[in-house]
Amino acid sequence: MNHASKPNAALRSLRKAGSAFSGTGITLLLVLLISSVLIACTGTSPWSAFGEILVGAFGSKRMFGETLVMMCPLLLTGLGLTITFRSGLSSVGAEGQIIVGGVTCSVAALSLPSTVPLFLAIPLCLLAGGLGGAIWAAIPGLLKAKMNTSELVNTVMMNYIATYFLSWMLTDVIKDPNGFYPQSAQVPLNTQIPTMMSGSRAHWGIVMALLLSILVYWLLWRTPTGYQLRVVGYNRNAARYVGIPIQRNIVLAMALHGFFSGLAGAVEILAVQYRCITGFSNNVGFDGIAVSLLGKNHPAGVIVSAFALAALRSGSGNMQRTLQVPTSLVSVIQGLIICLVLMDHYFKDKFLLLLQRGRPKKNHRKGAES
């Protein structure tokens, strides 16, 4: 009896694990297959192209550092979107929140005296960037909570406002008086985040982002606030029935989303650009959506997906230099990831159906004869 139950228990465990990872696994396989076909259409071997991407992402300390630098804003943006998606909200406003966070961080950095010590100046500037993004995201959150307007439409519109706000700030308010281009002056040395690896641009903001991933997990799964946010996301009627404040949690989720996106913008200013310039966000806010979806809206998955997409972006330049494969193909691959991740449940259901077909049927006749 015990010997017969062991294979059944193992099979049940296998089916459970398969149901959890089948959708993502099939999605990644399809992305790999379609990407290989697209690369082959350019007259290049897919294996050579993927090999050059790996070399460009991990081939040296400098290349690996660039991958980590690209990972940091993707990870912070993906964490903020994870909170939003877990709360049952939709947002494409991370790009605007990154912009506003970078602007408010730049204003704080340029306003601080050079005598303020580094260990105080950097946290103050990061806080200014996070608060700027939080306030920017709380506006569509309030509109959703009070008037039930679409947060999707509102966040899109806020992106446009943020873009023009940045243009105005760089040509007027914080424009470098000694420069010709629309950009701010360089932030003081006491506000610049130091690097952590010699010979690369990898900085301590990456460590901060990884620590914040642990904080987000603790918030969502180990605190009453996180429990309320997730209940609101699962079923708002049930949350209202048990007395959970729906409106407050909607605004809170959007504000936290904006805080993390604003942090991403602040880190880009203090650790990478060292000044506020046009286009410093580099569409990270939109790429963060792919990071969060591919990571299954879980901090651990977001870390992995942010690292993978950063490696893809970092290595694509080497692929273009050596094989003349355009880097725009990476954008196509990211679009495929988003489309196929949205079909994840379809792949999962098909996989479970195949498992059920392979399950041995019970012999009812034998049981009746006995």
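Mentor: Start with a definition: helices are DSSP runs of H or I with at least four residues, and they are numbered from the N terminus. With that numbering, Leu112 is found in the loop between α4 and α5 (118-147). Keep in mind that this is a predicted model.

Trainee: What does Leu112 touch, not counting residues up to four places away in sequence?

Mentor: Leu112 and Cys125 are 13 residues apart along the chain, and their C-alpha atoms are separated by 8.9 Å. A contact needs heavy atoms within 4.5 Å. Leaving out residues up to four places away in sequence, Leu112 touches Ala121, Leu124, Cys125 and Thr191.

Trainee: Is Ala145 buried or exposed?

Mentor: The place of Ala145 is in helix α5. Not counting residues up to four places away in sequence, Ala145 touches Gln247, Ile250 and Val251. The cut-off is under 20%. Ala145 has a relative accessibility of 10%, so the residue counts as buried.

Trainee: Why is helix α4 described as largely enclosed by the rest of the structure?

Mentor: Helix α4 covers residues 94-111, which makes 18 residues. From first C-alpha to last, α4 reaches 25 Å, close to the 26 Å expected at 1.5 Å a residue. The helix is largely enclosed because the number of its 18 residues that are buried is 13.

Trainee: Which residues does Val92 touch, leaving aside residues up to four places away in sequence?

Mentor: Val92 lies in the loop between α3 and α4. With a relative accessible area of 21%, Val92 is partly exposed. Val156 is 64 residues away from Val92 along the chain, and their C-alpha atoms are separated by 6.1 Å. The residues touched are Leu152, Thr155, Val156, Asn159, Phe286 and Ile289.

Trainee: Which element gives the most to the lining of the largest cavity?

Mentor: The search of the whole structure finds one cavity of 30 Å³ or more, and the volume of the largest cavity is about 30 Å³. Its lining consists of Ile39, Phe50, Ile53, Leu312, Met319, Leu329, Val330 and Ile333. Two or more residues come from each of α2 (46-58), α12 and α13. The most, three residues, come from α13.

Trainee: Which element gives the largest share of the lining of the second largest pocket?

Mentor: The second largest pocket holds about 350 Å³ of space. Its lining has 22 residues, with Met70, Asn282, Val284, Asp287 and Arg313 nearest its centre. Two or more lining residues come from each of α3 (61-86), α10 (246-273), α11 (284-294), α12 (299-323) and α13 (328-342). The largest share is five residues, and the element that gives it is α3.

Trainee: How many residues in the lining of the second largest pocket are charged?

Mentor: Asp, Glu, Lys and Arg count as charged. Eight of the lining residues are nonpolar and nine are polar, and the number that are charged is five.

Trainee: Is Asn297 buried or exposed?

Mentor: Asn297 lies in the loop between α11 and α12. Its phi is near 55°, a positive value in a residue other than glycine. The relative accessible area of Asn297 is 16%, so the residue is buried.

Definitions and conventions
Residues numbered from 1 in each chain as written. Predicted model: local features only at pLDDT ≥ 70, side-chain atom pairs only at ≥ 80, totals over all residues. Heavy atoms only, no water. 1 Å grid on protein atoms, 1.4 Å probe; cavity = no way out; pocket = protein on both sides within 12 Å on 5 of 7 lines; lining within 4 Å. Points joined across faces, edges and corners; volume = space filled by probe spheres on them. Expected span 1.5 Å × (residues − 1). Buried < 20%, exposed > 50% of the residue type's maximum accessible area, 1.4 Å probe, protein only.
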